[in-house]
Amino acid sequence: MSSITLHTLMARKQAGEKFAVLTAYDACFANLISTAGVEVMLVGDSLGMVLQGNDSTLPVSVEEMAYHTAAVKAGNQGSMIMADLPFMSYGTPEQAMDSAAALMQAGANIVKLEGAAWLDETISLLAERGIPVCAHLGLTPQTVNVLGGYKVQGRDNSAAKQMIEDAVRLEKAGAGMLLLECVPALLAGEITRAVDIPVIGIGAGADTDAQVLVMHDMLGITPGRKPRFVKNFMAESEDIAGAVKAYADAVKQGNFPGPEHGFE
């Protein structure tokens, strides 16, 4: 697979072609994932939970994110690398620039941050300085203590309207992609059509331009209760490479997610 860029993904959206996103945290899995048809690898702050064993993403540091981003970069074979800016690493535009620079220098092609309209200035400054940004709306795990838990967002009319407005506003500010987490499927589809940039979904129905899962969830090895939006692709595959390819194919063919993986 040739190197994936934002232009590649924009062309996919315009052509109505879906693409796959999957988390990666080290060189070995990065090599496997990037050669199995996955366009974007997300070095997620989810590593705080699936690798470090924490009960949230909050303890993860910029230094840890940079370490894992560099490891993924070492194994990458052409996928786009997206890296999360961790909790409280972008509280001000100046702090965001320092944090994003560290991840880009480690090998990221785009950084992701959680939040809505308050990020306008930050996103604009980053984009102006050559740092592509993916804005994360809906359930934002870094603010789980404010949200009162891991709950679906945007179910009432006012919240849905606000999320659409936020998506459009963040695109105008310079965001190159959006990620919607735990958003009603109809709302996610409306947001996807309201913006020109690619929209990635997780627990956001089938109408987004792409889907993302945490690799450990997709392989069925995460302990405890599984979120509704997760599917274990390892159950019907002979090996890990086959499971990753099955996931990527299912996303691109529109077979995943199904209605049972989304929210109304």
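In what follows, a residue is called buried when its relative accessible area is under 20%, exposed when that value is over 50%, and partly exposed in between, as computed with a 1.4 Å probe on protein chains only. Helices (H or I, at least four residues) and strands (E, at least two) are DSSP runs, numbered from the N terminus. The structure is a predicted model, in which local features need pLDDT of at least 70 and side-chain atom pairs count only at pLDDT 80 or more, whereas totals for chains, interfaces and linings use all residues. Residues are numbered from 1 along each chain as its sequence is written, and side-chain values use heavy atoms, with hydrogens and water left out.

Two strands are said to pair if DSSP finds at least two bridges between them. By that criterion E3 pairs with strand E2 (residues 40-43) in the parallel sense over 4 bridges, and within this pairing Ile81 of E3 is the bridge partner of Met41. E3 is also joined to E4 by 3 bridges, again with the strands running parallel, and here Met82 stands opposite Ile110 in E4. Between E3 and E4 the chain passes through H5, and this β-α-β crossover is right-handed, a term used if, with the strands pointing away from the viewer, the path from the first strand over the helix to the second runs clockwise.

The loop between E3 and H5 holds Met88, a residue that is not a glycine and yet has a positive phi of about 60°. Met88 is exposed, its relative accessible area being 54%. A positive phi in a residue other than glycine is found again at Cys182, where the value is near 50°. Cys182 lies in the loop between strand E6 (177-181) and helix H9 (185-194), and at 6% relative accessibility it counts as buried.

The aromatic side chains come next. Rings of Phe, Tyr and Trp (its six-membered ring) are taken to pair if their centres lie within 6.5 Å, and planes under 30 degrees apart count as stacked, those over 60 as edge-to-face and the rest as tilted. A search of the whole structure finds 4 aromatic pairs. One of them is formed by Tyr90 and Trp118, which are stacked at 6.2 Å centre to centre with 5° between the planes. Tyr90 lies in the loop between strand E3 (80-84) and helix H5 (93-106), and Trp118 in the loop between strand E4 (110-114) and helix H6 (120-128), so the pair ties together parts that are 28 residues apart in sequence. Tyr90 itself is buried, with a relative accessible area of 4%. Another pair, Phe233 and Tyr247, is edge-to-face, at 5.5 Å centre to centre and 75° between the planes. This pair links distant parts of the chain, 14 residues apart, with Phe233 in the loop between helix H10 (215-218) and helix H11 (240-252) and Tyr247 in helix H11. Both Phe233 and Tyr247 are buried, and together with Phe256 they form one aromatic cluster.

Tyr247 leads on to helix H11 as a whole. H11 has 13 residues and reaches 19 Å from its first C-alpha to its last, close to the 18 Å expected at 1.5 Å a residue, where the expected span is 1.5 Å times one less than the number of residues. Buried in H11 are Ala243, Val244, Tyr247, Ala248, Ala250 and Val251. Seen down the axis of H11, the buried residues fall within an arc of 165°, so they line one face of the helix; the arc is that of the directions from the helix axis to the C-beta atoms. Among the elements that cover the buried residues of H11 are strand E1 (19-23), helix H2 (27-34), strand E8 (210-213) and H10, with contact meaning heavy atoms within 4.5 Å. After H11 comes Gly254, whose phi is positive, near 80°. Further on, a cis peptide bond with omega of about 5° joins Phe256 and Pro257, and Pro257 belongs to the segment after H11.
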